[in-house]
Each structure stands twice: as C-alpha cells, then as structure tokens.
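Hi everyone, thanks for coming. Let me put the structure up, and then I'll walk you through a few spots worth a look.

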Amino acid sequence: MTEREAAPAAASQPDSRNFVMRIAVAAVLIPLAVAIAYAGGWLWTALVTLAAIGLFVEWLAIVGLASAMRVTALGVAALAIAGLCFAIGRLDAALIVLGVGLVAVVSLAPERRSWAAAGFLYAAAAEIASVLVRLDPVKGFAALMFVLLIVWVTDSGGYFAGRGIGGPKLWPRVSPKKTWAGAAGGFAASLAVAAGFAAFDLGKVGPLLLLSGALSVVSQLGDLFESAVKRRFGVKDSSHIIPGHGGLMDRLDGFVAAVVVAALFGLLRGGADGVGRGLMVW
C-alpha cells in the first residue's frame, strides 16, 4: 500500500470508531428518553429542564460568555425554577420566572448581550415547548413521539442518503458535509413516520404527511442554525458531554426547532392544555 492509499485508510478508522460510538450511545439514550417521555409528569419535566440548562450553558460557552458566572447562575436558576413551576402545573408562574430571567441575563451580560439573550430564549423555548407538547394526558405522548421520531429519522435518513448518494452541498459555507441528497433523504424518511402513525390510526394520513414534512424541514433548518452559530464563533462542537455526539446542542438542535414549531402549531389549534390534540387530532 502506498502512502497516498494509506492516508485515507487511516483517516477512515477514527470515523468508523466514532460511528460505532454514536450507535452505542444512541442505543442507550434513545430508549431512556422514550421511557421518560412515556412516564411524562415531573420526570419528563425534570429531563427537559436539565436539557434546557445544558443548552444555555453550552450556548454561553460558544459565544464566549462562559466566564460570565453571574449570567450563567441567574439563567440556570431561572430555567430550574421554571421547571419546578411546570412540574406543579403553574404554567403562568413559569412564564413569569422565565421573563424575569431574560431581563436578568440581558442586564448582567458584560458583552454580547444580544447573544446572551438569544441563548436564554433558545433554552427557554425548548423547555416550554417540550413540556407543552407532552402535557396533554390523552395525546401528549403520541404527539411527542411523533416529533421525536421525525427528528431522529430526518437525521438518520439525511446521514445515510448524504453519504450514499453525495452530490451538491446544501450550504457549504455553514455545514460542509450536508448535501441536498441528504436533505431529501431525511425529508422522505419523515414521511414514512407519518404513514406509520396513520397506519396505526394515530391520525389522518394527509395532515400528518404535511406536518411531518414541515417539521422535517424545520428540524434541518435548526441543525443549520446551530452550525451557523458555531461557525460564527469558530467552534466545532458545542461540548463533549455525549461520547461520539458532541454536546447537547449538537444533538438537540433539530429537536429544539421542531418541537417549538410543533408546540406553536398545537397551541393555536388546541390551547395550552391541548397541544398534543392540536397536533394529532384532525
């Protein structure tokens, strides 16, 4: 084997190990997330709150505000107290706490206040939307699983279609590895989720196909948004908290975008206590 042939082979070994690590970690985390989502209640709220706190801390690290300890502490405290309010059913109190937290974060940020505010809003929106989608005792779990599965299959379908087909890049300046073929593959996979839910009589096929397609596109836009933020500040991974996957933002960027849009749509159709019905019942 020549040096030129050996170089690609050596480069592929870390990729293979990383892929195996990703699969192994996903095999543990996905069933755990589904189990907690099924349990709902305070357990799901606790998981969502911890994730929101992690998103906020990682965002501050990306934009260069990790050393602003007062901003971090107050933002984390606001998200945690809001989570407690959600757990006891006080949605109004949670929103007030998050509003006060936003004002505190903006007031105390030593620099880049708009970025600090954006990070807190990003984490707070993820927390609020994730709680609201699961809140409906009848359709909440189905709605949440619908969103989760769309995000997961969009990511997986995009990965395999992108690697298998290749072709023109989607947005090379922001995300050099993503291709139009991958985007189409992820979109097609999301439609399969809608068809599956309709087959099990969990919704009407037409509306679910439209909704799944829209959420798949939103999920991919969320991924690109996070990539653009990291590119803006010269950061590769939001953190290394998840082996083989990077940080929470790296794994939840698509979900955050999709669940926020899903919650807004369900809220318009079903109200605050019927977001799940608003998504699944037509």
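Let's begin with a pair of charged residues: the side chains of Lys-230 and Glu-226 form a salt bridge, at 3.6 Å from N to O. Please keep in mind that this is a predicted model. Lys-230 and Glu-226 sit four residues apart in helix H8, so about one helical turn separates them. Both Lys-230 and Glu-226 are buried.

Which other residue does the side chain of Lys-230 meet in a salt bridge? That partner is Asp-250, at 2.7 Å, N to O. Here Lys-230 belongs to helix H8 and Asp-250 to helix H9 (residues 248-270), so this pair ties together parts 20 residues apart in sequence. Asp-250 is buried, like Lys-230. Through shared partners, the salt bridges link Glu-226, Lys-230 and Asp-250 into one network.

The salt bridges come to six in total. Another of them joins the side chains of Asp-136 and Arg-277, at 3.1 Å, N to O. Asp-136 is in the loop between H5 and helix H6 (140-165), while Arg-277 is in helix H10 (residues 275-280), so this pair ties together parts that are 141 residues apart in sequence. Are the two buried or exposed? Asp-136 is buried, with a relative accessible area of 0%, whereas Arg-277 is partly exposed, at 34%.

Ser-216 counts as buried because its relative accessibility is 0%. Its side chain makes a polar contact of 3.0 Å with that of Thr-154. Beyond its neighbours within four places in sequence, Ser-216 also has contacts that include Ile-150, Gly-186 and Phe-187.

Now please find helix H4, residues 91-108. Its 18 residues reach 26 Å from first C-alpha to last, close to the 26 Å expected. Buried in H4 are Ala-93, Ala-94, Val-97, Leu-98, Gly-101 and Val-105. They cover an arc of only 130° around the axis, so they lie on the same side of H4. Helices H2, H3 and H5 are among what covers them. On the face turned away, you'll find Ile-96, Val-100 and Val-103, which are exposed.

Last stop: the largest nonpolar core, with 65 residues. Among the members that touch the most others are Leu-55, Phe-56 and Phe-120. H5 gives the largest share of this core, 10 residues.

Definitions and conventions: Residues numbered from 1 in each chain as written. Predicted model: local features only at pLDDT ≥ 70, side-chain atom pairs only at ≥ 80, totals over all residues. Heavy atoms only, no water. Helix = DSSP H or I, 4+ residues; strand = E, 2+ residues; numbered from the N terminus. Expected span 1.5 Å × (residues − 1). Buried < 20%, exposed > 50% of the residue type's maximum accessible area, 1.4 Å probe, protein only. Arc of directions from axis to C-beta. Contact = heavy atoms within 4.5 Å. Core = buried A, V, L, I, M, F, W, Y, C linked by side-chain atoms within 4.5 Å. Polar contact = N/O pair within 3.5 Å; in protein donor to acceptor, adjacent residues only side chain to side chain. Salt bridge = Lys/Arg side-chain N within 4 Å of Asp/Glu carboxyl O.
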